[in-house]
Amino acid sequence: MNVAELLRGSEHPAFSFEILPPLKGAGLGRLRHVVEMLREFCPAYINITTHSAEYVYRERADGLLQRTVLRRRPGTVAVAAALQYEYGIPVVPHVLCQGFTREETEYVLLDLQFLGMTHVLALRGDKPRAAGLTKPRQQGDANAHTTDLIEQINAFNEGCFIDGTTTDAPPEPFTYGVACYPEKHEEAPNGAEDLQWFKRKVELGAGYGVTQLFYDNAAYFRFVEQARAAGIRVPIVPGLKPFTRLAQLNTIPKTFHCDLPEALVNEAAHLHTDDQARALGIEWGIAQARELIAAGVPGIHFYSMGAAESIREIAKAVF
């Protein structure tokens with residue numbers, strides 16, 4: 001059963017969460033801790049993020065700059081395989097356009113196919129932002145948009161490789177979800193055009209959408225209503241991330257381009273410590289999740305980076 005079928009067929013909202021591969025050189029200890037902390041809530045699947053490479057310029061002893069390629073979080077396929085093998089929980093690796101050539105993407109698909117992992121999240125990926133002497137890695141033959149990536153996956157499912165050679169169609173084709181944005185993607189000129197891109201991804205074969213994080217359920221409900229009016233019928237899974245530090249009340253809206261509702265801002269105005277912020281994050285997350293579940297959402301997807309303990313408290317209250 002693929003993720004879209006699972007979301008449609010479950011009697012109760014599915015619990016899922018996203019984790020990051022460890023930094024280069026680190027082990028799986030921290031990830032195992034997160035999975036073991038949250039698996040008591042019977043996660044339907046776990047998303048594994050992917051991170052593109054970038055060029056880093058370092059000054060040499062002779063004063064010249066040396067350019068090297070750096071990937072800070074390698075190993076998405078290996079991490080996904082290890083977790084699925086160890087815990088028996090379906091994994092959904094992210095597959096990106098940004099930072100990967102079409103050939104590299106093809107080999108990722110081959111590796112995942114060999115390992116029996118055929119559910120992925122197809123994403124363009126954030127454009128790397130230059131910082132100091134760090135610059136985005138320039139790809140050669142890369143997919144520019146998620147729709148291009150989807151077309152490559154669809155061709156792979158038909159047994160067509162990018163060099164023009166063909167083979168038998170795989171016995172279990174890839175299924176995939178995509179991202180969607182209740183408060184629109186930062187690069188979209190308006191919400192209507194952003195919604196049309198989501199619709200196009202669904203028309204090409206996306207089985208479900210998972211939203212960017214948000215704190216105002218009204219934005220999610222409005223987005224779902226607009227999607228249904230546009231003819232989009234796939235499950236739309238809300239994505240939540242409880243804030244855990246006081247500073248996040250300022251950084252999260254800027255980073256993820258989401259608005260904080262007035263009621264949350266008013267409550268946050270009285271906070272003075274990270275402990276107070278974490279407690280409010282849990283309280284707000286519980287209220288959000290309860291309202292979403294009462295409205296019949298297909299599942300709730302949690303972004304766990306730095307927030308696993310808070311997610312556990314929310315899950316204990318609502319799942």
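Begin by selecting helix 10 (residues 274–294) and helix 11 (residues 308–318), whose axes come within 9 Å and cross at roughly 40°. Helices here are DSSP runs of H or I with at least four residues, strands are runs of E with at least two, and both are numbered from the N terminus. Axes are lines fitted to C-alpha atoms, for helices over the stretch in contact, with angles from 0 to 180 degrees between N-to-C directions. The model is predicted: local features need pLDDT of at least 70, side-chain atom pairs count only at pLDDT 80 or more, and totals for chains, interfaces and linings use all residues. Residues are numbered from 1 along each chain as its sequence is written, and side-chain values use heavy atoms, with hydrogens and water left out.

Helix 10 and helix 11 are therefore oblique to each other; angles under 35 degrees count as roughly parallel, over 145 as roughly antiparallel, 65 to 115 as roughly perpendicular and the rest as oblique. Helix 10 passes helix 11 in a right-handed crossing, that is, the near helix is turned clockwise from the far one by less than a right angle. To display the contact (heavy atoms within 4.5 Å), select R278, G281, I282, G285, I286, A289, R290 and I293 of helix 10 with E309, S310, E313, I314, A317 and V318 of helix 11.

Next, turn to the largest cavity, which holds about 60 Å³ of space. On a 1 Å grid over the protein atoms alone, a cavity is a set of points where a 1.4 Å probe fits but cannot get out, a pocket is an open set with protein on both sides within 12 Å along at least five of seven lines, and lining residues have an atom within 4 Å of a point. Select Y215, L240, K241, P242, F243, G281, W284, G285, Q288, F302 and I314 to show the lining. Helix 10 supplies the largest share of this lining, 4 residues.

Now select helix 2 (residues 29–38) and helix 3 (residues 76–87), whose axes come within 12 Å and cross at roughly 45°. Their crossing is right-handed. The contact is made by L31, R32, V35 and E36 of helix 2 and V79, L83, E86 and Y87 of helix 3.

Of its 15 lining residues, L20, R30, L31, M305 and G306 lie nearest the centre. Strand 1 (14–19) and helix 2 are the elements that give two or more residues to the lining, and helix 2 provides the largest share, 3 residues.

Methods
Points joined across faces, edges and corners; volume = space filled by probe spheres on them.
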